[in-house]
Each structure stands twice: as C-alpha cells, then as structure tokens.
Amino acid sequence: MACKRKHGGIGAKGSGGIRFFHPSAPLREKYGDACFNRDRLTNLTITGECRRVFSRRSREASGYECTHPDFPGTTFQVAKNNFLVTEEGEAPFESEIV
C-alpha cells in the first residue's frame, strides 16, 4: 500500500505544534505561554534536515530545520513526527524515500 504522507524536502511548506519547536524562546516571547499546548505554527518552510535529541529520553531523532516569515534569522528545529507537510518540496530528502 502506498504512503499517503507528503514528503518533506527543501522548500516544502507545513505546520507543527508550537510546543515542539526548538528554540522556543522567540515563540514564547511573541505568543506567550498560554498557546503552547493547543496552537499550531503554520506557514513554515523547510530549509534542511537534522538529527538531534528532541526530548529528555536522550534518543536522537530525525527532524526538519524550518524558517518562518515572522521570525527572520531564526531557524527552528522540529522532529519529523511532530510536523505536517502540506506542500511537498521540489525533491524529497533521501531519508524520506523508502
């Protein structure tokens, strides 16, 4: 059965829950602490792929590096499973193709 999930690549667009983005300080300054459990950050552009520890469990996970027009000069990182790709990029990352 074919995968229905859209693949991320450079230039792909998407969204994710605000509480899953690193660094979170610029988001907390702009949106406050109240929105962190329920709101999503939209209009994100994927600029790269990364591998880092996203949780306290000390396990590395694959993620995306993203930019947002409201935060120029800031690159956010988010785990792939916490990010929804809405528009695919020109070429998907090699790790996305199975």
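**Notes on the predicted model**

1. Asn43 is placed in strand E2, which covers residues 40-53. The model under discussion is a predicted one. The phi angle of Asn43 is near 65°, a positive value in a residue that is not glycine. With a relative accessibility of 43%, Asn43 falls between the limits of 20% and 50% and therefore counts as partly exposed.

2. Five strands form an open sheet in the order E4-E3-E2-E1-E5, and their pairing is antiparallel.

3. The pairing of E3 (residues 60-67) with E4 deserves a separate remark. These two strands run antiparallel and are joined by four bridges. In this pairing, Gly63 has Ala79 of E4 as its bridge partner.

4. Strand E1 spans residues 13-17 and includes Ser15. The relative accessibility of Ser15 is 7%, under the 20% limit, so this residue counts as buried. Its side chain makes a polar contact with the side chain of Arg40, at 3.2 Å. Apart from neighbours within four places in sequence, Ser15 is in contact with Arg40, Leu41, Thr42, Leu44, Asn82, Phe83 and Leu84.

5. Gly16 also belongs to strand E1. Its relative accessibility is 0%, and Gly16 therefore counts as buried. When neighbours within four places in sequence are left aside, the contacts of Gly16 are Phe21, Arg40, Leu41, Leu44 and Asn82. For Gly16 and Asn82, which lie 66 residues apart along the chain, the separation of the C-alpha atoms is 6.0 Å. Arg40 and Asn82 are among the contacts of Ser15, and they are also among those of Gly16.

6. The bond from His22 to Pro23 is cis, with omega near -5°. Pro23 is located in the loop that links E1 with helix H1 (25-31).

Technical notes. Residues are numbered from 1 along each chain as its sequence is written. This is a predicted model: local features need pLDDT of at least 70, side-chain atom pairs count only at pLDDT 80 or more; totals for chains, interfaces and linings use all residues. Side-chain values use heavy atoms; hydrogens and water are left out. Two strands pair if DSSP finds at least two bridges between them. Buried means under 20% relative accessible area, exposed over 50%, partly exposed in between (1.4 Å probe, protein chains only). A polar contact is a pair of N or O atoms within 3.5 Å; within protein, one must be able to donate a hydrogen and the other to accept it, and residues adjacent in sequence count only if both atoms are side-chain atoms. Contact means heavy atoms within 4.5 Å.
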